[in-house]
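Good morning, and thank you for coming.

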There are 2 protein chains.
Amino acid sequence: MSAATPGWLADVKFDEKGLIPAISQDAQSGQILMVAWMNAESLAETAQTGRAVFWSRSRKRLWRKGEESGHVQRLIELRLDCDGDVLLLKVEQIGDIACHTGRASCFYRRLEHAADPHASNWVIVDPVLKDPELIYK
Amino acid sequence: MSAATPGWLADVKFDEKGLIPAISQDAQSGQILMVAWMNAESLAETAQTGRAVFWSRSRKRLWRKGEESGHVQRLIELRLDCDGDVLLLKVEQIGDIACHTGRASCFYRRLEHAADPHASNWVIVDPVLKDPELIYK
């Protein structure tokens with residue numbers, strides 16, 4: 001971190017890769033939408049612009065959420081946990097879809113417990129709201 | 001993973017350290033309580049016993065949440081995200097305190113935006129419900 005790093009940003013503990021997990025939560029309903037990763041640059045831009053910006057680990061570049069889909073997340077509130085190593089973004093989700101599968105939330109699979117734990121299964125419990133082919137044209 | 005690994009557990013993508021981040025959310029209020037890490041063993045025990053068990057990275061051992069404080073988390077629902085690399089536990093938080101600081105949630109610091117981003121600051125916005133010295137006797 002340079003001497004120009006703001007104090008609030010210096011309080012954030014990035015991991016050995018320079019990243020921190022960030023939870024997006026719908027500010028109104030409380031629904032957890034997704035978890036992505038931020039580096040210092042994406043966090044600073046998020047705080048400055050009020051729009052969620054992440055670090056795409058697969059594409060190795062800044063990922064301005066909604067840049068392709070239009071499903072931008074407007075930042076309502078930014079929180080930091082006690083250890084300083086997880087961020088919580090309370091957001092307004094434009095288009096009501098956060099997941100690339102066209103669902104409201106990425107957490108659409110629920111464990112269905114069987115009496116024999118080996119027979120338990122992940123079950124899709126949330127609907128696709130919009131065909132991803134229509135989202136990513 | 002051994003041949004005896006249940007299919008649902010094989011669907012979970014642990015990172016290069018064998019860990020996955022797990023969000024605890026109050027099943028009733030939707031409040032995000034904390035984020036901790038799980039390995040395969042702690043996840044299997046959580047699913048089997050219905051009590052949140054994590055992997056403590058600092059102590060390098062299983063951490064049965066509430067083992068010292070009594071602030072156990074009862075699992076109501078377990079979810080997995082689209083990439084299979086983040087878990088969401090909807091829980092009942094016994095004692096209404098998840099954080100070691102004696103607060104309901106670990107996310108008790110909110111960024112207070114200043115006109116000059118360098119002057120923004122993390123502000124504590126949630127009260128201590130119980131003195132940690134009384135929790136960890």
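Predicted model: local features only at pLDDT ≥ 70, side-chain atom pairs only at ≥ 80, totals over all residues.

Residues are numbered from 1 along each chain as its sequence is written, and chains are lettered from A and ligands numbered from 1 in the order in which they are written.

Let us start with chain A. Chain A has 3 helices and 8 strands; here helices (H or I, at least four residues) and strands (E, at least two) are DSSP runs, numbered from the N terminus. Read from the N terminus, the order of elements in chain A is α-β-β-α-β-β-β-β-β-β-α. Along the principal axes, the C-alpha atoms of chain A fill a box of roughly 55 × 40 × 30 Å.

How many of the residues of chain A count as buried? Of its 137 residues, 36% do. A residue is called buried if 20 or more other C-beta atoms lie within 10 Å of its own, exposed if 12 or fewer, and partly exposed in between, with C-beta atoms placed from the backbone. I shall also speak of contacts: two residues are in contact if their C-beta atoms, placed from the backbone, lie within 7 Å. Among contacts in chain A between residues at least 6 apart in sequence, 44% join residues at least 24 apart.

Helix 2 of chain A, residues 40–49, illustrates burial well. Its residues S42(A), L43(A) and T46(A) are buried. These three cover an arc of only 100° around the axis, which puts them on the same side of helix 2 of chain A; the arc is that of the directions from the helix axis to the C-beta atoms. On the other side of this helix, E41(A), Q48(A) and T49(A) are exposed. The partners against which the buried residues pack are helix 1 (7–10), strand 2, strand 3 (53–56), strand 4 (61–64) and strand 5 of chain A. Just after helix 2 of chain A, G50(A) takes a positive phi of about 75°.

For a residue in a loop, consider K17(A), placed between helix 1 and strand 1 (20–26) of chain A. Is K17(A) buried or exposed? It counts as exposed, because it has 10 C-beta neighbours inside 10 Å.

Now to the sheets. Strands of a sheet pair through backbone hydrogen bonds, either parallel or antiparallel. In this description, two strands pair if DSSP finds at least two bridges between them. Within chain A, strand 5 (residues 73–80) and strand 6 (residues 87–93) run antiparallel and are joined by 7 bridges. One example is L75(A), whose bridge partner in strand 6 of chain A is V91(A).

Pairing also crosses from one chain to the other. Strand 7 of chain A (residues 109–112) pairs with strand 5 of chain B in the antiparallel sense, over 2 bridges. Here R110(A) stands opposite R79(B).

One open sheet of 6 strands has the order 2(A)-1(A)-6(A)-5(A)-7(B)-8(B), with mixed pairing. Strand 2 (32–38) of chain A and strand 8 of chain B stand at its edges, each with a single partner strand, so one side of each is left without a neighbour in the sheet. Another open sheet of 6 strands, also with mixed pairing, runs 8(A)-7(A)-5(B)-6(B)-1(B)-2(B).

Finally, the contact itself. It takes 33 residues from chain A and 33 residues from chain B. On the side of chain B that touches chain A, strand 5 of chain B gives the largest share, 4 residues. Why do the copies meet through the same surface? They do so because 100% of the interface residues of chain B are also interface residues in chain A.
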